[in-house]
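Hi everyone, thanks for coming. Please have a look at the sequence and the model on the screen, and then we'll walk through them together.

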Amino acid sequence: MGTVNDLKKYLGLQGLLRSGALDVPIIINDVSESYGRINVLVAPVGGTGSQWVMLDRIKFETWTKETWLLFM
């Protein structure tokens, strides 16, 4: 079980969310823990909407600002 500070480290991180055959660039806007699982509220970098997903569905990679601009 994580502390509030442990969970806050995920806020604002960017990663990729697998959706079918696509990896969608996302940003994490909120974090919660329930029944020992970490859930994150994600929004697409270049689109609209948001969705709660389990953290283990997010793939984190090192991306440059220029790489993210390709998706905007």
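Let's start with a term: strands are DSSP runs of E with at least two residues, numbered from the N terminus, and two strands pair if DSSP finds at least two bridges between them. This is a predicted model, where local features need pLDDT of at least 70, side-chain atom pairs count only at pLDDT 80 or more, and totals for chains, interfaces and linings use all residues. Residues are numbered from 1 along each chain as its sequence is written, and side-chain values use heavy atoms, with hydrogens and water left out.

Strand 4 pairs with strand 3 (residues 37–44) over 4 bridges, in the antiparallel sense. There, Asn39 stands opposite Met54 of strand 4.

On to charges. How many salt bridges are found in the whole structure? The search finds 2, where a salt bridge is a side-chain nitrogen of Lys or Arg within 4 Å of a carboxyl oxygen of Asp or Glu. In one, the closest N and O atoms of Arg18 and Asp23 are 3.5 Å apart. Asp23 also forms a salt bridge with Lys59, with the closest N and O atoms 3.7 Å apart. Asp23 lies in strand 2 (residues 22–34) and Lys59 in strand 5, so this pair ties together parts 36 residues apart in sequence.
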